[in-house]
Amino acid sequence: DELFHFCILKWMMQRELPVYRYDSPYVRGFLESSAREQPELLCRYYQHRGRWTEACDAYLALARRPRPQGAAAAQPQRDSEERLVLLQSAALCARMPGSGRRIEPIVQAIEEEMRRQRAALQQNF
């Protein structure tokens, strides 16, 4: 029963348990509906199940998404670090056999993000 599974999954999220590891036919739908709250869980779901193409694409989409409106600009370094981690996760998935994704554009995006971080650090000194 879908409602029962959603209740279990919501309970797991509240306790910060790895929802993406739960073996249920409803977990993907739950994660897709919960993507606004914790979007990285869907990425981890794909990665945990060895769905490298989807995981790579999900990590890239998350890394490229714009900041939410009204988000404080007080933590640009943190945002940049989070993007870097997401890009690195995408690169890891792209390297997996059968992913069908090229690593070069992801590595280029990582290098660009690192250049932005260095430039931001130099401005602060």
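This is a predicted model: local features need pLDDT of at least 70, side-chain atom pairs count only at pLDDT 80 or more; totals for chains, interfaces and linings use all residues.
H1 runs over residues 2-14.

Now look at which way the side chains of H1 point. An α-helix has 3.6 residues a turn, so residues three or four places apart point the same way. The buried residues of H1 are His5, Leu9, Met12 and Met13. Viewed down the axis of H1, they fall within an arc of 100°, so they line one face of the helix. That buried set packs against two partners, H2 and helix H3 (40-48). The face turned away from the buried side carries Leu3, Lys10 and Gln14, which are exposed.

Follow the chain just past the end of H1. There Glu16 takes a positive phi of about 55°.

Next come the aromatic rings. The whole structure holds two aromatic pairs. One of them joins Phe6 and Phe30 edge-to-face, with 5.2 Å centre to centre and 85° between the planes. This pair links distant parts of the chain. Phe6 sits in H1, Phe30 sits in helix H2 (residues 27-33), and the two are 24 residues apart.

Phe6 has 23% relative accessibility, so Phe6 counts as partly exposed.

Terms used:
Residues are numbered from 1 along each chain as its sequence is written. Side-chain values use heavy atoms; hydrogens and water are left out. Rings of Phe, Tyr and Trp (its six-membered ring) pair if their centres lie within 6.5 Å; planes under 30 degrees apart count as stacked, over 60 as edge-to-face and the rest as tilted. Helices (H or I, at least four residues) and strands (E, at least two) are DSSP runs, numbered from the N terminus. Buried means under 20% relative accessible area, exposed over 50%, partly exposed in between (1.4 Å probe, protein chains only). The arc is that of the directions from the helix axis to the C-beta atoms. Contact means heavy atoms within 4.5 Å.
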